[in-house]
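Please read the points below alongside the sequence and the structure. They are meant for someone who has not looked at this chain before.

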Amino acid sequence: MTTPRRPECTVPLVEVAITEFDLACLPETGTVFDRLLALRPQQVMIDLSGCRHIDAAGIGLLLDVHRRMVRTGGVLSVRDPNPRIARILQTARLDQILPVHTGGTAPSASTGDSAAPSTDATPSTDATAPAGVGAAVGAAGHPAAYGRAAVTVRT
């Protein structure tokens, strides 16, 4: 009996900026993450610099996304939570499970050659990628995809 192959990561890095992370916006945010994880990203960076609120439902979604990322060999990390959100993440011990980057510096996706598009690459729209995700030629000459999404919360 052979072990099933794990799907390879197809996108080196996807960044998602979230402004509110609570039960009220969970269906929309969950849908964004479902679509994002279908791309099998190597790393997902959640930018919480503009996040004003996170509750237990948001933390539960972070844990679910983390679990799904680990299954495919990817990494979920959080960037720039404000001091209040950082305390909540520490209280929930999420900072011991997920990498939490503060101070605006975050490592790029793993050690891959194409962690980010090269500066001379001209992005173009990829017909197979969801909206907001472009394709470019990476440093090694292989196609590299990159993306950025903002989750808009309706109040």
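This is a predicted model: local features need pLDDT of at least 70, side-chain atom pairs count only at pLDDT 80 or more; totals for chains, interfaces and linings use all residues.

1. Leu76 touches Val44, Ile46, Leu62, Val65, His66, Met69, Leu98 and Pro99, leaving aside residues up to four places away in sequence, where contact means heavy atoms within 4.5 Å. Leu76 lies in strand β5, strands (E, at least two residues) and helices (H or I, at least four) being DSSP runs numbered from the N terminus. Leu76 is buried, with a relative accessible area of 1%; buried stands for under 20% relative accessible area, exposed for over 50%, and partly exposed for what lies in between (1.4 Å probe, protein chains only).

2. Residues are numbered from 1 along each chain as its sequence is written, and side-chain values use heavy atoms, with hydrogens and water left out.

3. Which strands pair with β3? Strand β1 (residues 11-18) pairs with β3 in the parallel sense over 6 bridges, and strand β5 (residues 75-79) pairs with β3 in the parallel sense over 5 bridges; two strands are said to pair if DSSP finds at least two bridges between them. Leu13 has Gln43 of β3 as its bridge partner, whereas Met45 stands opposite Ser77 in β5. Strand β3 itself (residues 41-47) is mostly covered, since 6 of its 7 residues are buried.

4. Two residues deserve a check of their backbone angles. Arg40, in the loop between α1 (26-37) and β3, has a positive phi of about 55° although it is not a glycine, and Arg40 counts as partly exposed at 31% relative accessibility. Asp80, in the loop between β5 and α3 (83-91), has a positive phi of about 50° and is likewise not a glycine.

5. Where do the buried residues of α1 sit around its axis? The buried residues of α1 are Thr29, Gly30, Phe33, Leu36 and Leu37. They cover an arc of only 125° around the axis, which puts them on the same side of α1, the arc being that of the directions from the helix axis to the C-beta atoms. An α-helix has 3.6 residues a turn, so residues three or four places apart point the same way. The face of α1 turned away from its buried side carries the exposed residues Pro27 and Arg35.
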